[in-house]
Amino acid sequence: MQQLKNISSTGDVHWKRYLILCWLAQTLFQLGFSFAIPFVPFFMQTLGIHGKELSFWVALFGAAPALGTIFFSPFWGMMANRYGCKKMLLRCYIGGVVVLSGIALCRNPYWIIFFRLLQGVVCGSVPVALALVSSMVPSERTGFAMGVINSAMFSGLLFGSFFGGVAADLFGYQNAFVLSGLPSLLAAVILLFGVKEHFRPPEGQKKPVGNPLLNQWKKMTLSHWQLVLVLPILLVLGLLMFGRQFDSSFMSLFVQEINGSISGAATWTGVIQALCGVAGVLAGLSAGYLSDKFNPGKTAMVMAGLAALFMISISLTPNMVYLVIMRPLSHFVIDCIEPSVQVWLCRKVDLTARNIALAWAQSMRSTGWFIAPLVCGLVVNGFGLRALFIAASLIFLIVMVIIAVAYHRESRHEAHRKKVISNQ
């Protein structure tokens, strides 16, 4: 029995090594983006953008990649089914090199937004990485594997934000962007030569009849019964991303406000982001373990309630020390929610539909991501930066309620199913 647990669903005994290498590659990819992206509001100020104009461009910058992801994520999910997840993940990593290097050359906000849009089109790595590792590991270790990959995002955030903030203050924002493309390139090399995917292309089928666009759309969608099962979870993921991104685009400006000036704000932002990265790593591993041990829906529900409380506390921030403590704590509980919901989603569909389900989940997440910065811009202009955290608290309360309803319905159906089986 123990020997069987060390063999993946594809019969590969090297899944642990592949999981570690996928984690390392994903960490480097996230490191590259967190090395410079959080400091773009400061970079824009060096280009002469200030005041309400700055709020507008920061909001647009935060929303732009989500717009590309909304429309292209299902397409990439279909391509992953046809050509394999490894090739799609390589596309993300190479795209990251192009995007980050391109922003370094920008001299006006229009080009910055263009490359940010391109990021959304080609760099959506999370669902692809999740689909890749979920196909490699034994089924009983799916929650653990997803927790590991989610922790990679925050491992990259930890190192990238800290060193990126220091580099931006010492060497300038443009040079920070020049350096940020190198980790993505290294991630592509590790994935290309270190990870083996046991992918079988779909067998030849008869040429479908009818409208070719409609046929392609069917390949990118779930069946009716699958959609009924996962729709509440997709809604939760969209709202969750809306809550997570509600204050993220303006966090550096909030740090600048608490700090009192732009001088040193990048370093403080990097320190806070790095601590949030530590919290995210711990959250990813904790959520993966809890989701394998307990019902993932219940775990997500509790964490959403705690997230609402922490968001309220951040709105009352009196000084930088308080923010340095409370922001990572809030990140820990927030970052525990998504891995739990992702495991919940994967348990609702079989392996053949997992790429498509995770791709649509990414589209829902990106919808929340796209809307959040735009709404944030309106809130900041109307009520100030602190109002963002009050609004975010309300969002997480709504997430908690939706999860509670879905969890209660699932528990009731499961109890009914067991009762029917026992009476047979």
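This is a predicted model: local features need pLDDT of at least 70, side-chain atom pairs count only at pLDDT 80 or more; totals for chains, interfaces and linings use all residues.

Residues are numbered from 1 along each chain as its sequence is written, and side-chain values use heavy atoms, with hydrogens and water left out.

Ring pairs. I pair rings of Phe, Tyr and Trp (its six-membered ring) if their centres lie within 6.5 Å; planes under 30 degrees apart are stacked, over 60 edge-to-face, the rest tilted. My count by this rule is nine aromatic pairs. One of them is F114 with F115, edge-to-face at 5.2 Å centre to centre and 75 degrees between the planes. F114 is partly exposed at 41%, while F115 is buried at 14%.

Next I looked up F254 and F389. Their planes are at 55 degrees, so I log the pair as tilted, with ring centres 4.9 Å apart. This pair links distant parts of the chain, 135 residues apart: F254 is in helix α12 (residues 251-259) and F389 in helix α17 (residues 387-423). Helices here are DSSP runs (H or I, at least four residues), numbered from the N terminus. F254 is buried at 1% relative accessible area, and F389 is buried with 1%.

I also noted one aromatic cluster, made by F29, F33 and Y93.

Charges over rings. My rule wants NZ of Lys or CZ of Arg within 6 Å of the ring centre and within 35 degrees of the ring normal. R91 has its charged end over the ring of W76, 3.7 Å from the centre. For R116, the ring is that of F61, with the charged end 4.1 Å from its centre.

Conventions: Buried means under 20% relative accessible area, exposed over 50%, partly exposed in between (1.4 Å probe, protein chains only). Helices (H or I, at least four residues) and strands (E, at least two) are DSSP runs, numbered from the N terminus.
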